Amino acid sequence: MPTPHYGQPRYRVIADELRKRIESGAIPPGALLPAESVLTAEFRASRGTIRQAIAVLRENGLATTEHGRGTFANVYPSDDTSGGRPNGLETRQREVIAGAELAALFGIEVGTALIEHESVMRKGKQVDTVTRAYRLRPPSQNAEP
């Protein structure tokens, strides 16, 4: 979907659209952002422009890129008025074993390894929200040594 420029650099317009999707939950926390090739087709923009837009998302704490895995949406409070990265955001990633509920959701066997992304948002010293997102561990990491 082409986006009007209205005097802004193209990458900023694309970053704003992706920010809206992340903040609205259309791209949920921990979810992969669409691949660069998908975004270049959707926005009819060059790969370099898409990369600049993703860099803006990373600078603002909206996304995290993991080498070889892709770019993931981060938790970001919609009521944050600081205009920058949230100060009270803590994130971590760990491997977990799927219990019955997660196994049913993913359609996998109980005991299968998953990657859990956990984000904790604090307001002052109080925990405001905790978000956990899960994804299947990449097959290259599933092989036993």
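Me: Where is His117 placed, and is His117 buried or exposed?
Reply: In this predicted model, His117 has its place in strand S4, which spans residues 113–123. Its relative accessible area is 13%, and because the cut-off for buried is under 20%, His117 counts as buried.

Me: Which side chain forms a polar contact with His117?
Reply: Leaving aside residues up to four places away in sequence, His117 touches Glu66, Arg92, Gln93, Thr131, Arg132, Ala133 and Arg135. A polar contact of 3.5 Å joins the side chain of His117 to that of Gln93.

Me: How many residues apart are Arg19 and Glu23 in helix H1?
Reply: The side chains of Arg19 and Glu23 meet in a salt bridge, with N to O at 3.0 Å. Arg19 is partly exposed at 26% relative accessibility, and Glu23 is also partly exposed, at 28%. The two are separated by about one helical turn, because their spacing in helix H1 is 4 residues.

Me: Which parts of the chain does the pair Arg135 and Glu66 tie together?
Reply: The side chains of Arg135 and Glu66 form a salt bridge of 3.1 Å, N to O. Arg135 lies in strand S5 (residues 126–136) and Glu66 in strand S1 (residues 63–66), so the pair ties together parts 69 residues apart in sequence. Both Arg135 and Glu66 are buried, and the strands they belong to are S5 and S1.

Me: Which residues are linked with Glu118 in a network of salt bridges?
Reply: Glu118 forms a salt bridge with Arg132, in which the closest N and O atoms are 2.7 Å apart. Since Glu118 lies in strand S4 and Arg132 in strand S5, this pair ties together parts that are 14 residues apart in sequence. Glu118 is buried, with a relative accessible area of 8%, whereas Arg132 is partly exposed at 46%. The residues linked with Glu118 in the network are Arg92, Arg94, Glu116 and Arg132.

Terms used:
Residues are numbered from 1 along each chain as its sequence is written. This is a predicted model: local features need pLDDT of at least 70, side-chain atom pairs count only at pLDDT 80 or more; totals for chains, interfaces and linings use all residues. Side-chain values use heavy atoms; hydrogens and water are left out. Buried means under 20% relative accessible area, exposed over 50%, partly exposed in between (1.4 Å probe, protein chains only). A polar contact is a pair of N or O atoms within 3.5 Å; within protein, one must be able to donate a hydrogen and the other to accept it, and residues adjacent in sequence count only if both atoms are side-chain atoms. Contact means heavy atoms within 4.5 Å. A salt bridge is a side-chain nitrogen of Lys or Arg within 4 Å of a carboxyl oxygen of Asp or Glu.
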